[in-house]
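Some labels in a structural description rest on cut-offs. The turns below set values against those cut-offs.

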Amino acid sequence: MPKSNDTVHLRFTLKGQSGPFWQTNATVASVANGTALLDGLDRQIAARIADFRRAGEGRWTLDFEVRARP
């Protein structure tokens, strides 16, 4: 289970295409009720812990699929 100050590697994929079009890292700010608050982007975002995949000690990956490229 992620905890505060763990690193999360975020990968954004465009729906229907393979491979991420954008990747970045964020930090877990807090964890409560199955949700982690991520910091390090232009604003904090909430993510379900169930979607996190372990990538090593204190490291996690999280994939997002988006409908259109910003």
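**Strands, turns and exposure**

Strand 2 and strand 3 pair in the antiparallel sense, over five bridges. This is a predicted model, in which local features need pLDDT of at least 70, side-chain atom pairs count only at pLDDT 80 or more, and totals for chains, interfaces and linings use all residues. Residues are numbered from 1 along each chain as its sequence is written, and side-chain values use heavy atoms, with hydrogens and water left out.

Q: What makes strand 2 and strand 3 a pair?
A: Two strands pair if DSSP finds at least two bridges between them. Strand 2 and strand 3 have five bridges, so they count as paired. One of the bridges joins Val31 to Ala36 in strand 3.

Q: How do you know that strand 3 also pairs with strand 4?
A: Four bridges join strand 3 to strand 4 (residues 45-48), and the two run antiparallel. Leu38 has Ile45 in strand 4 as its bridge partner. In this hairpin, five residues lie between the strands, and Gly40 takes a positive phi near 115°.

Q: How many helices and strands does the chain have?
A: The chain has zero helices and six strands, where helices (H or I, at least four residues) and strands (E, at least two) are DSSP runs, numbered from the N terminus.

Q: Why is Asn33 called exposed?
A: Exposed means over 50% relative accessible area, buried under 20%, and partly exposed in between (1.4 Å probe, protein chains only). Asn33 has 81%, so it is exposed. Asn33 lies in the loop between strand 2 (20-32) and strand 3 (35-39).

Q: Why does Asn5 count as exposed?
A: Its relative accessibility is 66%, so Asn5 counts as exposed. Asn5 is found in the segment before strand 1 (7-14), and its phi is positive, near 75°.

Q: Why does the radius of gyration of the chain agree with a compact globule?
A: The radius is taken over C-alpha atoms, and the globule rule is 2.2 Å times the number of residues to the power 0.38. For 70 residues a compact globule would have a value near 11 Å; the chain has 12 Å, which agrees.
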